[in-house]
Every structure is written in structure tokens, then in C-alpha cells.
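Have a look at the structure first, then read on.

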Amino acid sequence: MTQTFTSQFDQSMRDYYDQRSNEYDEWYLREGKFADRLDTDQWHAEVAQLRERVQHFGHGRLLEIAAGTGWWTQHLVRRANVIALDYAPSMLQQTRLRVQNQQMEVQCVRGDAYALPLATASVDGGFFGFWLSHVPLAQLPTFLAEVRRVVRSGGQVMIVDSAPSAIEQQPNVEYFHERILNDESRHQVLKIFHTPATLATTLTPLGKVLDTWTTGRFFCGALVEVR
Ligand SMILES: C[S@@+](CC[C@H](N)C(=O)[O-])C[C@H]1O[C@@H](n2cnc3c(N)ncnc32)[C@H](O)[C@@H]1O
């Protein structure tokens, strides 16, 4: 696999997600270490809003970048032929199992978001959930150029991600967070929070930003037409 972007830090984030795959959904479900977070009802209501958006998105051949455990893939496959790409083999295995359990099919591909293993203009659309917030600002041009290369002109890309939901979180700033897994191992992860406004600016190199939104407190999203 070709890899255009690596640093010690980037590799440690990749390793972190590979180790987190079987506990990742606890974040969405507010279970385990996330069980005592505040505003759980609001959280679940906003996850449901995202689900509603994702369920109505996509057609044809769709590339999902950094698909993780397939939390969103299971909705995308109802409308599109999904290629679920992730760097972490254990994440891809979770996606495979989730989709198989629902008697659906997905093509799982191990790959690097910064060097997508797909031909130019080979997909009709793209989706990435909670991935943009892990792309270092310096790597955005490389990543967005890759998305623009593989999605055909006129194709649409949907993004969903984290909004600043605490006073100390500023949008479009690189934060280095310590994350602790259930085995108590500690990892450094880059996180950038977005708002509809920062998404609109950040995603402009992809094409025409058709829509941006927030679910209220926790999440935001955007829809872009590639040009
Ligand atoms: C926060 S998770 C998001 C998972 C999923 N999209 C979701 O919304 O639930 C980030 C994902 O990015 C993947 N990842 C990290 N670095 C990557 C890279 N360079 N290329 C592709 N995937 C990567 C991780 O393995 C992990 O599954």
C-alpha cells in the first residue's frame, strides 16, 4: 500500500484505532467509559438526526473513507454499492461482520485516506464520518485532492463530524487529546472540531458546498458537489 503521509504521531493514531475497534461503538452508545457523560438523551437524539441524513444519502458506487466499525456503512449500503475503506484491519472486520449480520454486502478495502487505492473518477460519491476531524490542517490539501480525484465530477460527498460542544473547544484548532482505552492504554489523538462555517470553508477545494448543518450541540455536517 502506498502511503503519502506518515509521522510517528499519525502512526500512533492508526494503531490506536486498530486497538479500539471492539470498543469503538461504546462512544455512540454512551456505554463503558462514556456511560457517565452528561446530556445522554440529547446525544442520542442528535445521533438519530445524523442517521436520518445518512439514510437518505448516496447512490451508485460510493466510497466511504475511514469507515471504522461500519456504524454508518450499514445505512449507506441500503442505497449504494459501498466501498468501505479503512486503514485498520480490525475496523474493517467489524464492518464486514455488521453488514453480513444484516445480509447486506459491502466491499471492504484496506487503504490510506491520503493515497486512495482507487482510479480517478471511479466513484459516484463519497462519505466520511468523524474522519475530517483527525486530518491535520497541513494534510487537508492532500486528502481533499484525493477525494476530488476519485469522485467523478458532479458526484456528491457527505461529511458528518464533531462540533465544539464544550467551552474549551474552539473550531478549526488542532487539539492533541489523550485517549484511554478499556485496557488503560494511553494514546495521543489529533482532533479538530468543526462548525457549519468552518466546514464550508474547509471543503471548498472539493467543489460546491451545497449544504451545511448542525444537529444542535454535538455534531455538524456538510454536503458537497464535486467540481
Ligand atoms: C473516528 S473513527 C471514524 C469511524 C467511522 N467513520 C465513524 O464515523 O464511526 C476514525 C477512523 O479512521 C481510520 N483511519 C485512521 N487513519 C487512517 C488513514 N490514514 N486512512 C484510512 N483510515 C484511517 C481509523 O482506523 C478509524 O476507523
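This is a predicted model: local features need pLDDT of at least 70, side-chain atom pairs count only at pLDDT 80 or more; totals for chains, interfaces and linings use all residues.

What follows covers the ground rules, the salt bridges, the cysteines and the strand pairing.

Residues are numbered from 1 along each chain as its sequence is written, and side-chain values use heavy atoms, with hydrogens and water left out.

**Salt bridges**

- The structure holds ten salt bridges, each being a side-chain nitrogen of Lys or Arg within 4 Å of a carboxyl oxygen of Asp or Glu.
- As background, side chains of opposite charge can pair when their charged atoms come close.
- One of the bridges links D10 and R14, at 2.7 Å from N to O.
- D10 and R14 sit four residues apart in helix α1 (residues 8-20), so about one helical turn separates them; helices here are DSSP runs of H or I with at least four residues, numbered from the N terminus.
- D10 is buried at 4% relative accessible area, and R14 is buried at 9%; buried means under 20%, exposed over 50% and partly exposed in between, using a 1.4 Å probe and protein chains only.
- Another bridge joins R186 and E178, again with 2.7 Å from N to O.
- R186 counts as exposed at 54% relative accessibility, while E178 is partly exposed at 45%.
- R227 pairs with E225, their closest N and O atoms being 3.2 Å apart, and R227 is partly exposed at 48%.

**Cysteines**

- The disulfide count is zero, where a disulfide is a pair of cysteine sulfur atoms within 2.5 Å.
- C108 is buried with a relative accessible area of 17%, and C220 is buried at 0%.

**Strands**

- Strand β1 (residues 61-65) is mostly covered, with four of its five residues buried; strands are DSSP runs of E with at least two residues.
- β1 pairs with strand β2 (residues 81-86) in the parallel sense over five bridges, where pairing requires that DSSP finds at least two bridges between the strands.
- Within that pairing, E64 has A84 in β2 as its bridge partner.
- β1 also runs parallel to strand β4 (residues 123-129), joined by three bridges, and L63 stands opposite G126 in β4.
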